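Here is a short briefing on charged side chains and their partners. Please look over the sequence and the model before reading on.

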Amino acid sequence: MDKDTLAWFEEQVRGYAAVQSRYVEFAKVLQGILDRMARPICPTAIVQVRPKGVPSFAGKILKRIKDYRGENAVRKMTDLCGGRVIVNLGSEVDSLGMLIKEHFDIDWPNSMDTFNRLGASQ
């Protein structure tokens, strides 16, 4: 990595480290929202959220440096906080999926629908 790229990379990581606590707080809010959405549909739903850690942020920049080089990576990266809801039945997936689609802006190119990727027992 050349000197300019290294300086840019370090600036990006410092920039994310400075605001990462916001994503920690956002994850707490997202946890509550998803819990309240899921409970009426599936009382046994498991809601998991996570803010991206600073090492993970740095690793993603390194892995996809061509996508982020010269950009403000904090503004460009779309997965600084993520969530998932694990339910038991396909009907719960459908109901909760519709509710989430109605209330959230989904970044479809960077999202995974594991219902279609995994088998019924998974």
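How many salt bridges does a search of the whole structure find? The search finds 5. A salt bridge here is a side-chain nitrogen of Lys or Arg within 4 Å of a carboxyl oxygen of Asp or Glu. Side chains of opposite charge can pair when their charged atoms come close.

This is a predicted model, in which local features need pLDDT of at least 70 and side-chain atom pairs count only at pLDDT 80 or more, while totals for chains, interfaces and linings use all residues. Residues are numbered from 1 along each chain as its sequence is written, and side-chain values use heavy atoms, with hydrogens and water left out.

- Lysine 60 sits in helix α2, which covers residues 54-63. Helices (H or I, at least four residues) and strands (E, at least two) are DSSP runs, numbered from the N terminus.
- Lysine 60 counts as buried because its relative accessibility is 15%. The cut-offs are under 20% relative accessible area for buried, over 50% for exposed, and in between for partly exposed (1.4 Å probe, protein chains only).
- Lysine 60 touches Lys52, Tyr68, Met77 and Asp79, leaving aside residues up to four places away in sequence. Contact means heavy atoms within 4.5 Å.

**The bridge between aspartate 79 and lysine 60**

- The side chains of aspartate 79 and lysine 60 form a salt bridge (2.9 Å, N to O).
- This pair links distant parts of the chain, 19 residues apart. Aspartate 79 is in the loop between α4 (73-76) and β2 (81-86), and lysine 60 is in helix α2.
- Aspartate 79 is partly exposed, because its relative accessible area is 22%.

- Lysine 28 and glutamate 25 meet through their side chains in a salt bridge (3.1 Å, N to O).
- Both residues lie in helix α1 (residues 3-38). They are 3 residues apart, about one turn of the helix.
- Lysine 28 counts as exposed, because its relative accessibility is 52%.
- Glutamate 25 has 45% relative accessibility, so this residue counts as partly exposed.

- A salt bridge joins aspartate 67 to arginine 64, with the closest N and O atoms 2.7 Å apart.
- Aspartate 67 is partly exposed at 35% relative accessibility. Arginine 64 is partly exposed at 32%.
- Elsewhere, salt bridges that share partners join Lys52, Lys60 and Asp79 into one network.
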